[in-house]
Amino acid sequence: MELVLATGIGGLVATGVWLLLRERAFSVVLGLALLSYAANLFIFAGGRLAPVPPPLVLGEVASGATPADPLPQALVLTAIVISFGTTAFLVALALRAIGESGTDSVDGGREEER
Amino acid sequence: MLARRALPPGARVHPVVSVLLPMAVLALLAGAALVPMAGRLGRRTAIWSAAGTLAVPLVLLAPLAPGALAGEVAVHRLSWLPEWGLDLSFRLDGLGLLFAVLILGIGQLVILYAAYYMPQKDGLGRLLGTLMGFAGAMLGVVLSENLLLMVVFWEITSVTSFLLVAYKHDTIEARIAARMALAVTGGGGLALLAGVLLLGRMAGSYELSAVLAAGEAIRADPLYPVMLVLVLLGAFTKSAQFPFHFWLPNAMAAPTPVSAYLHSATMVKAGIFLLLRLYPVLSGTDLWFFLVSLTGAVTLAYGAYVALLKHDLKGLLAYSTVSHLGLITLLIGMESPLSTVAALFHVVNHAIFKASLFMAAGIVDHECGTRDMRRINGMFRIMPRTAVLGIVAAASMAGVPLLNGFLSKEMFFAEAVEQGALGGYAYLLPAFATFAGVLSVAYSIRFVHDVFFNGAPVDLPRQPHEPPGWMRVPVGILAGLCLVVGLVPQLAVGAILRAASAAALGASPPDYKLVIWHGFNLPLVMSIVAMIGGVLWYLFRRVLFDLHERYAPNVAGPAAFERVFNAAVVAARAVLRLLDPGHLRRYTLYLIGGAGALGLAGFLGAKPAVLAGSLPATPADPAAHGALLALLFGAFGCAILHRHRLVAVAFVSVAGLIVSLAFIRFSAPDLALTQLSVEVVTIVLLLLSLRFMPGDAPRELPRRRAGLDAAVAGTCGLGIGALAYAMMTRPFETISGWFTANAVEGGGGTNVVNVILVDFRGFDTLGEITVLAVAALGAHALLEGLRLVPHAPAAASEADLHPIMLAMLMRPLLPLALAFALYILLRGHNLPGGGFVAGLITGVALILQYLAVGIETTSARLRLDHLRLFAVGLGLALVTGLASMVFGLPFLTSWHGYVPIPLVGKTHLASAMMFDIGVYFTVVATVLLILSEIGRLSTRERAPRPAPAARPALEEARA
């Protein structure tokens, strides 16, 4: 299972970085979304994968079983919501750029030399 | 050399009284904000509020003044960053008191003068507000007990004086002058900061009391020379000592009231103050003697020489200021106790006569419309009263007997005679002092003779006459002070001078007499020689002008500065062009490369690592393999087809869905819920924005770049994947056991994740929702007033735009969704859910409502101001946190217990729930603000169109 998740994270990072290097703001936004999935999964995986109950102090956890690590979950939860905030900000930025320069090219329409 | 001993500790002033010190500084800094506001009500309000503000510290310091005069040191310490040695600690002793009186007293006169000098159309709010900020910072410098705090105030004086010099910012001269002043004094400030850091390290504390007591150790420190040079750089740049003097004459581009303030009593005296403040610690070495006295001597002679050559009235005064600052520095450098007393005395005298001279020059400039002394002549007949005042002040500058300038100059001459450090060349110093005296007499005569006499005015732009009486009042007061101090010095300044000298020396000052007549002695002869020499020098000035024109090397400080400055700008631009081509892709590559390099650096020198750790692998089921395939399908599909935007969004949503499934699979129901609802909101957001972009992005041009990008992306993916695998297969220690064990007991909730968020790590969450609010507000600011033409074809009709099926569906769905959100919110503390998820669900529900019936309709019914919703959310979270402080508990301590509620029965409640509700509101506000803002981009553009006829019918149907 570890290999499966690691592959997934790697795939998300690769595609995210690739999109991050594209010229259009919209692609960059998508790339960031994929990267944040990867980052969230990575932090989440910091709690390790094991067939354990969720971190709710009910039932077997209340009687002493070790639940899934709640700390990475708490970290990731806010990260997910904040990533929405940054995505929204980037989209607004791209829209503003369209309004100002008529293009959503990240460099405002200038072509990169070389 | 005087034996140094610490100040007698004196009775420590009661903290209730010494709290007046920070209040005095704070009053002025608050005035910097209030005076411009008052200025909006009118010019008069600005003036009165500024005068009132400046009077406050005077009143506040009054109760402490008798103690300071008696040699007590009042200290008030407010803890700020104690671990860095930086505290808000203030101190008042004789030295601080003397400078505070100068700053506050002359400040009042400058305000009065500015009221008449500045043009009527200038509201004065900005000028006087900045002046308050400057005065506050100056007061902070002289009242600081903590050296780091002093540096902070020192920097504020640099910045505010920059603003003051650049007051007439529409002229290029003012901007250049201000930039120069900031570059020189700001650069010096950096050196000073470095010096003070060294000094504090040597003394083991940044508190002045401790530093002053550690003089021996500091002078013996091997780094003492470095520290001394750095501190002196700070002082010399500020006090316009040669070769950093050139900013001061240029700063005459400031309005004259500013010049009168900055260059008489305050800004330039800050450097002098620093020398005096640290005198007991830094002085007493050969290095100090040579650096300080030589710099002072060169500045004294150079400034005096150039002053005579200036045809600009303020230029003459500026260079004479440079010269007098040099004199004071020389006196400090001579480091006999009496020369230090003389330096302090001259600080006072120079402030008085120079402020009045600047004001008199300003009157002349104001009346004549020019400052060229070759054209301004014979003003005595036109404005006799101003002329008399100007002549008194200039005579004081020249050192004419019966005026204050004479007394400090005599003390200087006497000290020059007494100084024995030069051994066999002892006659050099008196000779030099007399020569400087000659020059100073000469330029004073030039000021008086050229302006007030010397025939008739030549071709003046304006017809001058006597200025309004009130404009002369400050000049008159200062000229009167010249006389009073000159005639009865002991009575006028004896007490404060003795207290200041004691504080500066760190010991009781030697006996000296402040009297006019010391008998016929060598200093008097030197004075007489200087007078006669000065007259002669002035008479033969034409010869000097010619000689200067012909032979003087044309090294203009400002020009050299500009050359260096421009070269620096050009070089910076070249480097920037190299590093910063202005392309996001390049930055991203730098960023990824840098992060990769940092990450790899950790492996340097390590043994070859094994990828797999010791943790037994969890078996993978077929479903996991299927999910992985779907995830990669979504991610790679998006990456490959990213130019087809709609398709790409669909692919991303596949990946997002799989991620939320992964969270469920690995026992994180909260994450799955959050991820799922964020997914929905994000997709809506992206789809809304797609309306304003072409459906397909154009092909990107050079294809060979793709190869590099693919390589970088592939490497990143492999690296992070390997890292993730290595991490997951290794055992680890977690601190989570504590959270799980204490969730019910300490946080009153069974959902550990939620308890961590709203209770254990509530402060983090408060920060996070603040970030969220900031991002949303940033987006709001970006979209405000933006108009975009949609690319997607407009809906054929209103019914198409808001499908009736959806509208019908939303009627039962909206209350249901809101109720569900409330349920999720309330159960969050115990079961998966909470403010974040509930906020997202509410947001989605309301957005659906927007889609169904239109933004205007929904907004009209909802009557919800999104911006205010942020305030509610953040405010609720904050108040919940603060509530615990009322009970004496730390910020954000939660409370929980069983509360009997009628009908419901005993219910378990936790105060953290209130916090969660704050989170909820913030999230709702974020979602609504951003999505409705983007949605509105098109309605704004539709707005001018008349409302379609179908609309009222629909409205009725809905009603």
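Reader: Where in chain B does B:Pro243 lie?
Author: In this predicted model, B:Pro243 is found in the loop of chain B that runs between α11 (224-238) and α12 (247-250).

Reader: What is the peptide bond from B:Phe242 to B:Pro243, cis or trans?
Author: The bond joining B:Phe242 to B:Pro243 is cis, and its omega is near 5°.

Reader: On to backbone angles. What is phi of B:Leu402?
Author: Phi of B:Leu402 is near 80°, which is a positive value in a residue other than glycine. B:Leu402 sits in the loop between α20 (384-398) and α21 (404-418) of chain B.

Reader: Is B:Leu402 buried or partly exposed, and why?
Author: B:Leu402 counts as partly exposed because 14 other C-beta atoms lie within 10 Å, whereas a buried residue needs 20 or more.

Reader: And what about phi of B:Asn454?
Author: B:Asn454 is not a glycine either, yet its phi is positive, at about 60°. The residue belongs to the loop between α22 (428-452) and α23 (469-487) of chain B. B:Asn454 is partly exposed, with 17 other C-beta atoms within 10 Å.

Reader: Let us turn to helices. At what angle do α14 and α17 of chain B pack?
Author: Helix α14 (residues 267-277) and helix α17 (residues 313-334) of chain B pack at an angle of about 0°, and their axes are 11 Å apart. Therefore α14(B) and α17(B) are roughly parallel to each other.

Reader: Which residues make the contact?
Author: From α14(B) come B:Val268, B:Ile272, B:Leu275 and B:Leu276, while α17(B) supplies B:Thr321, B:Leu325, B:Ile328, B:Thr329 and B:Ile332. Of the residues in this contact, 7 are nonpolar, 2 are polar and no charged residue takes part.

Reader: How many residues of α6(B) are buried?
Author: In α6(B), 18 of the 19 residues are buried, so the helix is largely enclosed by the rest of the structure. Helix α6 (residues 125-143) of chain B reaches 26 Å from its first C-alpha to its last, close to the 27 Å expected at 1.5 Å a residue.

Reader: Which residues touch the most other members of the largest nonpolar core?
Author: They are B:Val165, B:Val231, B:Leu344 and B:Ala393, in a core of 215 residues. Helix α18 (residues 337-368) of chain B gives the most to this core, with 20 residues.

Reader: What is B:Val231 in contact with, leaving aside its neighbours within four places in sequence?
Author: With those neighbours left aside, B:Val231 is in contact with B:Leu192, B:Gly195, B:Val196, B:Leu199, B:Leu278 and B:Leu282.

Reader: Finally, how many residues of chain B are in contact with chain A?
Author: There are 96 residues of chain B in contact with 79 residues of chain A. Helix α32 (residues 704-728) of chain B gives the most to the side of chain B that touches chain A, with 14 residues.

Reader: How do the residues on that side of chain B divide into nonpolar, polar and charged?
Author: The side of chain B that touches chain A has 64 nonpolar, 24 polar and 8 charged residues.

Notes: Residues numbered from 1 in each chain as written. Chains lettered and ligands numbered in written order. Predicted model: local features only at pLDDT ≥ 70, side-chain atom pairs only at ≥ 80, totals over all residues. Axes fitted to C-alpha atoms, helices over the stretch in contact; angles between N-to-C directions. Helix = DSSP H or I, 4+ residues; strand = E, 2+ residues; numbered from the N terminus. Parallel < 35°, antiparallel > 145°, perpendicular 65-115°, else oblique. Contact = placed C-beta atoms within 7 Å. Nonpolar A, V, L, I, M, F, W, Y, C, P; charged D, E, K, R; others polar. Expected span 1.5 Å × (residues − 1). Buried ≥ 20, exposed ≤ 12 C-beta atoms within 10 Å, placed from the backbone. Core = buried A, V, L, I, M, F, W, Y, C linked by C-beta atoms within 7 Å.
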